[in-house]
Protein chains: 2
Amino acid sequence: MRRSSPSISDVARAAGVSMGTVSNVLNGTVRVSPATRARVEAAIRELGFVRNGVARSLAAGRSSTLGFVIIDLANSYFLDIARGAEKEAGRAGLNLLLANSDMSEEKQRTYVDLFVEDRVAGILVAANHGSTHDLHRSAPGVPLVVVDAPGDHSDVCSVVPDNELGGYLAATHLVEQGRRRLLFAGTTELVPVRDRLLGVERAVAEHPGVVLEVEQTGNVQVEDGRRVGDDIVLRDPRERPDAVVAAADLLAVGVQQSLLLSSSLRVPDDVAIIGYDDNRAAWDSAVPLSTIRQPGEAVGREAVRLLLEELETGPEAHRHRLVTCEPRLVVRASTAGTS
Amino acid sequence: MRRSSPSISDVARAAGVSMGTVSNVLNGTVRVSPATRARVEAAIRELGFVRNGVARSLAAGRSSTLGFVIIDLANSYFLDIARGAEKEAGRAGLNLLLANSDMSEEKQRTYVDLFVEDRVAGILVAANHGSTHDLHRSAPGVPLVVVDAPGDHSDVCSVVPDNELGGYLAATHLVEQGRRRLLFAGTTELVPVRDRLLGVERAVAEHPGVVLEVEQTGNVQVEDGRRVGDDIVLRDPRERPDAVVAAADLLAVGVQQSLLLSSSLRVPDDVAIIGYDDNRAAWDSAVPLSTIRQPGEAVGREAVRLLLEELETGPEAHRHRLVTCEPRLVVRASTAGTS
DNA sequence: TTGTATGCGTTATCAA
DNA sequence: TTGATAACGCATACAA
């Protein structure tokens with residue numbers, strides 16, 4: 001039994017050919033006669049040869065893998081982005097490896113550094129808004145694209161979903177369903193939430209007679225939503241909104257739970273509710289939730305495209321830019337009725 | 001501006017020392033005089049040198065990264081495993097890279113192959129039960145551990161949660177809460193579910209007077225649970241279970257939703273419900289769900305430990321084995337009352 | 001179509 | 001403590 005795995009030169013010797021020939025049949029770029037090809041392939045099989053990607057990328061000076069540093073894998077949105085990125089990468093013959101930075105900027109740096117050291121072909125980073133400052137400085141020479149947050153435009157490309165449009169779509173939908181008193185719930189501490197609210201405001205402004213109220217929440221989790229719901233339940237009917245735009249699905253689920261448990265208000269009859277994200281975590285609410293679906297796959301796809309573009313164009317000829325992806329309205333039961 | 005990133009020899013020239021010296025300050029294994037160290041470090045900073053991990057692992061003949069091929073990243077359990085694995089790997093100075101096989105055995109193979117080609121130090125594979133046959137054959141030379149499914153014991157190590165124990169814990173808890181008519185819901189097509197049922201049966205057998213009924217479901221999703229709940233609601237009170245052991249959290253959520261919507265049965269007063277997995281997707285049910293928490297982090301940790309063991313012992317001296325991790329009962333409101 | 005030889009950027013061995 | 005140099009396994013340019 002051999003100690004280390006066989007190399008190309010072992011294969012060459014076994015097949016009675018040169019290393020170059022073995023390399024040629026492996027890569028298929030240069031023509032090789034069927035006869036020798038067969039001999040080489042037989043030797044490869046016999047020896048159980050597996051090509052060494054490390055030596056490969058060292059010699060070739062390029063790698064065929066992309067690295068994706070993800071801030072929150074528990075969020076299905078980022079998984080969708082990863083899927084989109086993976087597909088687009090596959091089209092270009094590249095593989096996508098993931099690293100979980102788990103909300104930690106330190107781990108984010110560590111993994112970016114790792115990918116840089118490993119000289120991957122390119123790096124994707126899903127980061128927090130505001131934490132993308134010097135990401136590019138960690139990656140000199142390796143193209144890097146910031147995903148889901150606007151990066152420093154002069155140094156990196158970035159891809160973001162159009163949150164303003166999403167808010168607009170949500171509010172417009174509710175108004176078209178006949179709703180007139182809208183309540184927006186969320187915390188405007190978060191930049192994406194702020195953008196969503198802007199879109200809601202634009203939609204409301206387009207429809208005279210429609211009023212909008214904003215309720216700040218501490219966070220955008222289920223418990224925050226429950227508080228919003230409890231508040232609505234306690235109100236005088238004349239003060240009550242007939243529709244809620246939640247800044248996130250979990251928030252919407254909380255609102256819904258609260259209304260349902262109170263048994264006094266029905267969804268959507270009395271209050272329509274729309275969420276945001278189309279998060280898997282909210283797919284199973286009692287009343288199926290209308291929502292704005294994040295363009296996760298598109299974000300991932302576009303990010304890889306930008307990476308490939310930079311890869312082909314070369315670092316200096318490349319102009320960094322921001323690409324925006326459009327979210328989509330998904331109508332389910334929670335807004336389906338007419339008021 | 002330089003075309004490619006500076007190498008050790010560039011640094012050596014700039015610092016007026018030899019490559020070996022630079023390598024020594026980089027790795028810190030050999031003593032270097034403070035003076036030259038300072039000169040080298042200055043040159044490194046000045047040139048923006050980043051060490052080349054590819055050449056590094058080629059020359060050293062070893063890599064410091066582990067690869068984890070994950071079957072379903074959308075399931076928070078696997079993310080927990082990844083976290084546990086990452087921590088343990090970190091302790092050994094290794095990095096963990098993830099690949100999403102997304103339920104596809106083909107992608108699983110592809111990524112295992114990729115990791116083998118890249119000569120990672122070791123590979124973790126979270127696989128489907130039954131699909132682990134020839135995984136080791138794809139990875140000659142690279143230690144591979146099967147996670148969450150029993151691998152072919154003679155070829156690989158594997159780590160699994162103790163599903164039988166989990167079932168036992170769940171049923172015992174319910175019996176201790178005074179429940180006497182247990183209903184187990186799930187599909188015994190799935191091996192893990194079958195094991196959980198075995199544990200439930202053992203617990204029931206230990207308590208004369210307690211009866212158990214098994215209701216097969218098509219799958220273990222929320223909708224399957226709703227059907228189970230609907231069935232319970234329609235039953236004659238004397239035929240009705242006072243406790244449900246669901247084979248999975250989502251199933252339990254479905255049961256709960258159905259009972260709650262019916263408004264005729266209360267949880268846990270009339271029917272206690274316990275789930276399985278402690279899946280994040282079920283954290284926000286209306287009545288907080290008691291459950292059996294999967295030992296995700298432990299599974300990941302043990303998997304890496306087995307890998308390290310095989311790495312140190314060497315392939316031939318190493319005996320492959322199966323490690324089992326114990327799940328834990330988590331009591332929340334859905335079983336907290338007394339019947 | 002196939003063989004030969006050089007270099008990729010490091011580590012590691014052996015001298016100095 | 002430091003310097004010189006041979007691998008590591010492959011791609012690739014060039015020669016045959």
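Biologist: Leaving aside neighbours within four places in sequence, which residues is A:Asp224 in contact with?
Modeller: In this predicted model, A:Asp224 sits in helix H10 (residues 222-234) of chain A; helices (H or I, at least four residues) and strands (E, at least two) are DSSP runs numbered from the N terminus. Contact means heavy atoms within 4.5 Å. With neighbours up to four places away excluded, the contacts of A:Asp224 are A:Thr217, A:Gly218, A:Asn219 and A:Leu251.

Biologist: Is A:Asp224 buried or exposed?
Modeller: Buried means under 20% relative accessible area, exposed over 50% and partly exposed in between (1.4 Å probe, protein chains only). The relative accessibility of A:Asp224 is 6%, so the residue counts as buried.

Biologist: What pLDDT do local features need?
Modeller: Residues are numbered from 1 along each chain as its sequence is written, chains are lettered from A and ligands numbered from 1 in the order written, and side-chain values use heavy atoms, without hydrogens and water. In this predicted model, totals for chains, interfaces and linings use all residues, side-chain atom pairs count only at pLDDT 80 or more, and local features need a pLDDT of at least 70.

Biologist: At what distance does the side chain of A:Ser158 reach the backbone nitrogen of A:Gly151?
Modeller: A:Ser158 lies in strand E5 (residues 157-161) of chain A, and because its relative accessible area is 2% it is buried. Its contacts beyond four places in sequence include A:Val145, A:Gly151, A:Leu306 and A:Arg321. A polar contact is a pair of N or O atoms within 3.5 Å; within protein, one must be able to donate a hydrogen and the other to accept it, and residues adjacent in sequence count only if both atoms are side-chain atoms. From the side chain of A:Ser158 to the backbone nitrogen of A:Gly151 the distance is 3.2 Å.

Biologist: How many residues does the largest nonpolar core have?
Modeller: A nonpolar core is a set of buried Ala, Val, Leu, Ile, Met, Phe, Trp, Tyr and Cys residues joined through side-chain atoms within 4.5 Å. A:Phe68 and B:Phe68 have the most contacts inside the largest one. A:Phe68 touches, among others, A:Phe78, A:Leu97, A:Phe115 and A:Val147. The residue count of this core is 62.

Biologist: What area do chain B and chain A bury between them?
Modeller: Contact links 42 residues of chain B with 42 residues of chain A. In chain B, B:Val54, B:Glu117 and B:Arg119 lose the most area to chain A, together 15% of what that side buries. Buried area is the accessible area (1.4 Å probe) that two parts lose on being put together, summed over both. Of the area here, 54% is on carbon and sulfur atoms, and the total is about 4,000 Å².

Biologist: Which residues around DNA strand C are the closest?
Modeller: A residue is near a strand if one of its heavy atoms lies within 4 Å of it. By that criterion 26 residues surround DNA strand C, and the closest are A:Thr21, A:Arg31, B:Ile8, B:Ser23 and B:Arg56.

Biologist: How far from a phosphate oxygen of DNA strand C does a polar side-chain atom of B:Arg56 lie?
Modeller: Sugar and phosphate account for 71% of the atoms of DNA strand C that come within 4 Å of the protein. For the polar side-chain atom of B:Arg56 the distance is 2.6 Å.

Biologist: How far is a phosphate oxygen of DNA strand D from a polar backbone atom of A:Ile8?
Modeller: Around DNA strand D there are 25 residues, with A:Ile8, A:Arg56, A:Arg62, B:Thr21 and B:Arg31 coming nearest. A polar backbone atom of B:Ser18 lies 2.8 Å from a phosphate oxygen of DNA strand D, and an N or O atom in the side chain of B:Ser33 lies 2.8 Å from one. For the polar backbone atom of A:Ile8 the distance is 2.4 Å.

Biologist: What separates the C-alpha atoms of B:Arg238 and B:Ala317?
Modeller: B:Arg238 lies in the loop between helix H10 (222-234) and strand E8 (243-246) of chain B, and at 66% relative accessibility it counts as exposed. B:Arg238 and B:Ala317 are 79 residues apart along the chain, and their C-alpha atoms are separated by 61 Å.
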